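Here is a plain walk through one protein model. Have the sequence and the 3D view open as you read.

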Amino acid sequence: MTPRTPWQALTRARYPRTGWPWRAAGYLATGVVTGVPALLVLLLLVVFSLVLVGLPLLLLAGVALGGLERRRLRLVDLDPAADPHRVPDAPGLAAWLRVRVREQATWRELAYAVLHATVLWPLDLIVLAVALGLPAALMSTPLQLAVDGQEAKVVKAYLVTSYPQAFAAALLGALLLVALLYPLGALAGARAALSRALLAPREAELRERIGEVTASRARLVDAFEAERRRIERDLHDGAQQRLVALTMTLGIARLDAPPGPLAERIAQAHAEAGRVLTELRELIHGIHPQVLADYGLAAALTDAADRSAVPVTTDIDLPRLPTAVESAGYFAVCEALANIGRHSGATRARVRARHTDPDRLTLTVEDDGRGGADPARGTGLTGLADRLAVLDGTLTIISPPDGPTVLRVEIPCRPLPDPSGSSSPRTASSSARA
């Protein structure tokens, strides 16, 4: 496994020959580069904060430094640190400040800014001076002796007057450099772990963000379903009614027209209008079938089985369920039955639907076809899985090459209460269409 942090790289025997020691050195060096300006800005803002002018700027400085440090963390941590901040609900600086002041991440970033400006960057400088500066001074002893011509003072402590001594000091510096690369990497790893602990989102913040994303996806699905219903109503009440009127007008004209070429053309137009009306009705039914809205998933699945190109046996026992669940389950079964008719070569299929404890809708579609169903081949199953995921549902496909194929859909949900106060009605059926 490829190391992701200096601590993981330290366990490898070839650590000194990798780029990790130099990544660690670069991380500490850039810490010094950002720490000095951070200290100056912090001191300036503290002075302004005495008259309450610098308090918002102090928060802004912590947030800005936190963003920079998360990017700098990539030098020694290959897993990116996510931004812990929420997006404000409204535009503008006032809305941004309200959100930031209420977030724990903002105050952690401010604490990190103070720590970085006062403690961390001086510590980074000391580590670099010991781990790299001391070996570099030893290895430069021959050069110092050559420049002076007579003597060289190594690290301001030892006097070297000959080249054998100078090269011995250089060799000692090289060995010391290799040895000090290990504590250098360990300290950089500890420094990065501290930065991630303060600047990356906590588990609770991640859960809250995931909850917000899930709720947002659910709202999008609801909006999509509402738009589908609006389109279905517009087609049903608008275009379909006009086509019905056109078909009736052509039918009357066909009866009134005298025999001849004109009557034949009117008859052709009448037949074509009838075919267009049939296709429009199928389109409306595919967008959102009225039986699903009026009678629920049980009746809609029975209707889908009756319209299947392959004979289907149904075993359905369901109460009324939430609209989004019924819609997702219905279209999952319809897609499965369409794939059976187009690709499987099956002679029979079976649909089973149950709502079982603990509050879970289970749909199973089986066929006796050739098998080998693969969602990656563009059969629409991938889109179904994404749609079910919004409802915390799962899609499982078992399809060995020689068949049979079993598609299983599971969606956690509770039945809708019956307005009359009795238990939710259930529809059970077991039938086969020849």
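## Ground rules and overview

Helices (H or I, at least four residues) and strands (E, at least two) are DSSP runs, numbered from the N terminus. What you have on screen is a predicted model, in which local features need pLDDT of at least 70 and side-chain atom pairs count only at pLDDT 80 or more, while totals for chains, interfaces and linings use all residues. Residue numbers start from 1 along each chain as its sequence is written, and side-chain values use heavy atoms, with hydrogens and water left out.

The protein has 13 helices and eight strands. Of its 434 residues, 40% count as buried; that word means under 20% relative accessible area, with exposed meaning over 50% and partly exposed anything in between (1.4 Å probe, protein chains only). A contact here is heavy atoms within 4.5 Å. Take the contacts between residues at least 6 apart in sequence: 71% of them join residues at least 24 apart.

Glu 69 sits in helix α3 (residues 54-72). Is Glu 69 buried or exposed? With a relative accessible area of 1%, Glu 69 is buried. Leaving aside residues up to four places away in sequence, Glu 69 touches Thr 34, Tyr 112, His 116, Arg 191 and Leu 199.

One of those neighbours, Thr 34, belongs to helix α2 (residues 20-49). Thr 34 also counts as buried, at 15% relative accessibility. Its contacts, again not counting residues up to four places away in sequence, are Leu 68, Glu 69, Arg 72 and His 116. The side chain of Thr 34 also reaches the backbone oxygen of Gly 31 at 3.2 Å. That is a polar contact: a pair of N or O atoms within 3.5 Å, where within protein one must be able to donate a hydrogen and the other to accept it, and residues adjacent in sequence count only if both atoms are side-chain atoms.

Two packed helices are described by the angle between their axes and the distance between the axes. The axes are lines fitted to C-alpha atoms, for helices over the stretch in contact, and angles run from 0 to 180 degrees between N-to-C directions. Angles under 35 degrees count as roughly parallel, over 145 as roughly antiparallel, 65 to 115 as roughly perpendicular and the rest as oblique.

How do α5 and α7 cross, and at what angle? The axes of helix α5 (residues 104-139) and helix α7 (residues 163-199) come within 7 Å and cross at roughly 170°, so α5 and α7 are roughly antiparallel to each other. Sorted by class, their contact holds 25 nonpolar, three polar and four charged residues. For this sorting, Ala, Val, Leu, Ile, Met, Phe, Trp, Tyr, Cys and Pro are nonpolar, Asp, Glu, Lys and Arg are charged, and the others, Gly among them, are polar.

Helix α6 (residues 141-148) also packs with α7: the axes come within 7 Å, crossing at roughly 150°. α6 and α7 are therefore roughly antiparallel to each other. On the α6 side you'll find Thr 141, Pro 142, Leu 145 and Ala 146, meeting Tyr 163, Ala 166, Phe 167, Ala 169 and Ala 170 of α7. By class, that contact has eight nonpolar residues, one polar and no charged ones.

## Salt bridges

Side chains of opposite charge can pair when their charged atoms come close. The structure holds 17 salt bridges, each being a side-chain nitrogen of Lys or Arg within 4 Å of a carboxyl oxygen of Asp or Glu. One of them links Arg 307 to Asp 303, with the closest N and O atoms 3.1 Å apart. Arg 307 is partly exposed at 40% relative accessibility, and Asp 303 is partly exposed at 21%.

Another pairs Asp 315 with Arg 350 (3.5 Å, N to O). Asp 315 lies in strand β3 (residues 312-318) and Arg 350 in strand β4 (residues 349-356), so this pair ties together parts 35 residues apart in sequence. Arg 350, partly exposed at 31% relative accessibility, also meets Glu 366 in a salt bridge (3.8 Å, N to O). Glu 366 is in strand β5 (residues 360-367), so this second pair joins parts 16 residues apart in sequence. Salt bridges that share partners join Asp 315, Arg 350, Arg 352, Arg 354 and Glu 366 into one network.
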